[in-house]
Amino acid sequence: MTTVHRDEIQWERMLPAEFRAAMDKKPVIFLPLGTVEWHGEHNALGLDSLKAHELCVQAVHRLGGGVVHPPVYGGMGGLDKPATVIMEGEHAWENHLLRPWLETLCYEFHRIGFKAIIMVTGHYGHNQQIVVRETAVRMSERLGIPVFGSPEYWLALDEGYLGDHAGIGETSLLWHLHPELVRMDRIKDDPDYGADDVIKDGSSQALGMRYADCIIERLASLAEQMPSWQEERLYRYIRSERAIVAAQTRGWRHIGPWEFWRHIGGSAFVQYGQLLVDGEFEAIEQLARTLGREEG
Ligand SMILES: [Zn+2]
């Protein structure tokens, strides 16, 4: 199925003819997002962007068309740790850098001729997740083409990955995607992540492969379908994603920043990834409303 050479799907490495060919095959652009942030003594500092980028690259290979934009390093929040860039505070409602940057990129992708945009954030503070999804909803409305904006782990909730920071999930994903960038022997030097053997014993390349396969398959499936989402279907998609943003911000306003996420594990919302690729937008909308209900 995959005929495009690895080097020919990354925008910055393409020659114009390769770019034209990739767009002809599938006019979808992937935008990986992340930051440089401390991820324990055992993981490379660029984990979030590296992970998102490689997942997008492999999704495009599986799809056999489309283009991957270089990863954006920078976003909302970040730990108070060494070697970490914090562009904007995690708890700021204002957003002066990430949102306009993403919106401008979306306008440009649309102007250049892409028919669908998939933004994958490997960095997932609550506000990063909200800003990315909120921007995707707004840009879908403004541009009239589907824009998807989500952390990658939302496509593997039903595989049991609920997101973490340098924990078993992220460590396993990076270990699988970029084996040379994980040094598990160094976790013992980390007073936090190496305080016990949970991450050391729980992480594996096999687990990373299981999560990655699920995410890549769904990203490829979305990219296959999204260019045809127009009119009613696009509107239904927008409405379901908007319901998620509404529930997330409502929970934050009334209770706390992670309120929406706190209810995901063990709920039917873990079906999000499958429902999305199946086009079950009303089910997603209903689940989002149910999960956000307690906040009134
Ligand atoms: Zn991370």
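Helices α2 and α5 are oblique to each other, a word kept for angles that are not under 35 degrees (roughly parallel), over 145 (roughly antiparallel) or 65 to 115 (roughly perpendicular). Their axes, for α2 over residues 47–63 and for α5 over residues 168–177, come within 10 Å and cross at roughly 55°, where axes are lines fitted to C-alpha atoms over the stretch in contact and angles run from 0 to 180 degrees between N-to-C directions. In this crossing, α2 passes α5 in a left-handed sense, meaning that the near helix is turned anticlockwise from the far one by less than a right angle. On the α2 side L47, L50, K51 and E54 meet E170, L173, L174 and L177 of α5, a contact being two C-beta atoms, placed from the backbone, that lie within 7 Å. By class, this contact of α2 with α5 has 5 nonpolar, no polar and 3 charged residues.

The model is a predicted one, in which local features need pLDDT of at least 70 and side-chain atom pairs count only at pLDDT 80 or more, while totals for chains, interfaces and linings use all residues. Residues are numbered from 1 along each chain as its sequence is written.

Seen as a whole, the protein has 11 helices and 5 strands, which are DSSP runs of H or I with at least four residues and of E with at least two, numbered from the N terminus. Buried residues make up 48% of the 296, where buried stands for 20 or more other C-beta atoms within 10 Å, exposed for 12 or fewer, and partly exposed for the range in between. Among contacts with a separation of 6 or more, 75% join residues 24 or more positions apart.

V270, in the loop between α9 (259–262) and α10 (272–277), is partly exposed because 19 other C-beta atoms lie within 10 Å. Leaving aside residues up to four places away in sequence, V270 touches L157, D158 and I264.

A83, in the loop between β3 (72–73) and α3 (98–112), has a phi near 55°, a positive value in a residue other than glycine, and is exposed, with 11 other C-beta atoms within 10 Å. E231 likewise has a positive phi, near 50°; this residue belongs to helix α8 (residues 231–254) and is exposed, with 8 other C-beta atoms within 10 Å.

Methods. Ala, Val, Leu, Ile, Met, Phe, Trp, Tyr, Cys and Pro count as nonpolar, Asp, Glu, Lys and Arg as charged, and the others, Gly among them, as polar.
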